[in-house]
Structure formats: C-alpha cells, structure tokens
Amino acid sequence: AKGASKQTAVLFTPDMLTAQNQRRQMEQDLRHAVANGDLQLFYQPLVDMKTRKIVAFEALVRWLHPTFGMLPPDVFIPLAEEINVIDQLGNWVIRTACAQAAQWPCGIAVAVNVSPLQFRETSLLPTIINALSSSGLAPRRLELELTESTLLNQSDDLMRTLSSIRDLGVKLAMDDFGTGYSSLSYLERFRFDKIKIDKKFIQSMSASVETSAIVSAIINLSQTIGARTTAEGIETEEQFDQISERGCNQGQGYLFSRPVAATEIGALIDDYGCL
Ligand code: C2E
Ligand code: CA
Ligand code: CA
Ligand code: CA
C-alpha cells in the first residue's frame, strides 16, 4: 500500500498535471485546426542549378496557433501522426497545394511531403486523383516527397499504391536521402524520379572530404538510375559552387529564398524567372 501511494504521488505532481493538460489542450487545438483548415502552406523554391530559374516550389505546412502563433511542422506533424489526424491534414495539404499550383506560370511543379502513415490509409490515392481533376493541375506537375521510412515495409499494398500514383503521371521523390535507414534496396525495387540530398550533407561538405565524397556518390548513383537530384539547405555561394560542380540538377535553400506565403510567390517568380 505504501508503494502504491508513493507511485500515485509520482504520477500526479502538479507539474505533470499541467504538462498533461497542456498536451491535451494542444491535441484538441490541433484537431480543431485540421478540421477547420486553420493551416497555411508556405512555399520554398527549387531552382535549376544551371540557370537559377525556378522549377518547383515545395509546400511546407504551418499552423497558426491562437496563442502560440505560427508553429513549424516539426512541432505538430509528429503530434498529428500520433493522434491520427495526419491523413486529414495530409489530404488538405494535397488539395490546397494542387489548387494553388494550378495558378502558377511556366508549368512550375509543386512538391508535397507525405507522411509514411498516409500510405496506411485508403484515402491517399483518391485524394490525389480528386485534387488533380478539380484543380486541373497536370499530374506531372505534382511531386510527392517520401522518406526512406515509408519504404521500410515494402508491402504489396504499398507497392500497388506507389505504382498507381506513378501511373497517374505524378512524380516521386526520395526526401532526406541518406539520413534514414540507408538501405539501397528500395531504389532497386522502386524507381524514383528524384533524390533529395539532405541538408546535413550539404552543410558539412566544405568541412569534410568524406561528406563531400558521399555527396558525389549520391549524385552519381542518382544519374545511374536515371533520377534527378536536388540539394537541400544551400545557404552559401560556396555550397552552391561545390554542388554545381558535381552535376546536381536542382538546389533549394536560404541562398535563394526562405519558405514564403503563397501571396509572395509572384514576386519570387519575377526575381528569378521560371523555366
Ligand atoms: P523537409 O521536407 O526536409 O523540408 C525542408 C526543411 O528545411 C524545411 O523546414 C525548410 O524550411 C528547411 N530549410 C530549407 N532551406 C534551408 C536552409 O537553407 N537552411 C536550413 N537550416 N533549413 C532550410 P520546415 O518548413 O520547418 O519543415 C520541417 C519538416 O516538416 C520538413 O522537412 C518535412 O519533413 C515536414 N513537413 C513540412 N510540411 C509537411 C507536410 O505538409 N506534411 C508532412 N507529412 N510533413 C511536412
Ligand atoms: Ca521535403
Ligand atoms: Ca528534405
Ligand atoms: Ca529534412
């Protein structure tokens, strides 16, 4: 009995109660935001390394929280996954990104991040099909960015869904390449249109010959399997030059632009031009 009361005391300190309440409040707020679309898409340009013209924008979701202000996705995407609203959130992102991209000039593409959990639900494929048809966006202008963990379990369902998406003409990109489970076997089982080199490699290239060699190897490997490459997190002209020399196709990073609100896209296109 003594042990039990001690345990109770440990479980319910005032601090923990507050933390628990805050967490519950946060969950409730997120459910509400997702249901009401109180989310916003920011967009960051991907530029062609040869011309520096804009070829695509990556959609990056933000949550305008009533008391905490603008929250970054690292804060609420994991929570959305935990409380099972990631499908609803992810579907909203796909519909909104397609509708906005349909207004852009030069056939600029839109890249959308997809959580591994979205592949567990049956709503992903119909959502993509509907978003494309109701926006009129050409399927080749939509790119889905998947992480390596999506391919951890190569189930028949997953492979079928990926094939169906590919059959629509939608492009598939491998995001954060080299940071995940780093098994190259999925590259053999499924052909990606694009490999995105994680910013951690780009940002340590100049300090490390090993990293620099890894980046070269990723670019060569991508070329061999017929995939394009995008380097993430380019912040300096030095990084741009190093990446450019190695034959990377596209670049993304603060050097060109931070993610911006949809209303600022026109000004970016005026500055950079598009292909
Ligand atoms: P990510 O897909 O790797 O996106 C790139 C992140 O790097 C973005 O952070 C972007 O703002 C940041 N970034 C871009 N250029 C630079 C740079 O030059 N330097 C540095 N230090 N950072 C740079 P953000 O917007 O905070 O997004 C974080 C992550 O949240 C994304 O990483 C992605 O995994 C996830 N995410 C964002 N939107 C969505 C979404 O709609 N659905 C899902 N499932 N995940 C999303
Ligand atoms: Ca991404
Ligand atoms: Ca990434
Ligand atoms: Ca990343």
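Arg 166 comes out as partly exposed, with a relative accessible area of 24% (buried means under 20% relative accessible area, exposed over 50%, and partly exposed in between, using a 1.4 Å probe and protein chains only). The model here is predicted, so local features need pLDDT of at least 70 and side-chain atom pairs count only at pLDDT 80 or more, while totals for chains, interfaces and linings use all residues. Residues are numbered from 1 along each chain as its sequence is written, chains are lettered from A and ligands numbered from 1 in the order in which they are written, and side-chain values use heavy atoms, with hydrogens and water left out.

Arg 166 has a charged partner: its side chain meets that of Asp 193 in a salt bridge, at 3.3 Å from N to O. A salt bridge here is a side-chain nitrogen of Lys or Arg within 4 Å of a carboxyl oxygen of Asp or Glu. The two residues sit 27 residues apart, with Arg 166 in helix H6 (residues 156-168) and Asp 193 in the loop between helix H7 (185-189) and S7. Helices (H or I, at least four residues) and strands (E, at least two) are DSSP runs, numbered from the N terminus. Asp 193 itself is buried, at 16% relative accessible area. Asp 193 also pairs with Arg 191, where the closest N and O atoms are 3.8 Å apart, and Arg 191 is partly exposed at 41%. Elsewhere, Arg 23, Glu 27 and Glu 82 are joined into one network by salt bridges that share partners.

In total, the structure holds 9 salt bridges. Another one of them links Glu 58 and Lys 196, with 2.9 Å between the closest N and O atoms. Glu 58 belongs to strand S2 (residues 54-65) and Lys 196 to strand S7 (residues 194-197), so this pair ties together parts that are 138 residues apart in sequence. Glu 58 counts as buried at 5% relative accessibility, and Lys 196 counts as buried at 0%.

Donors are N, O and S atoms within 2.8 Å of the metal (3.2 Å for Na, K and Ca), and water is not among the atoms, so sites may look incomplete. Asn 113 lies in strand S4 (residues 109-113) and Glu 145 in strand S5 (residues 142-146), so that pair ties together parts 32 residues apart in sequence. Asn 113 is partly exposed at 31% relative accessibility, whereas Glu 145 is buried at 1%. Asp 175, for its part, bridges the calcium ion (ligand 2) and the calcium ion (ligand 3), which lie 3.7 Å apart.
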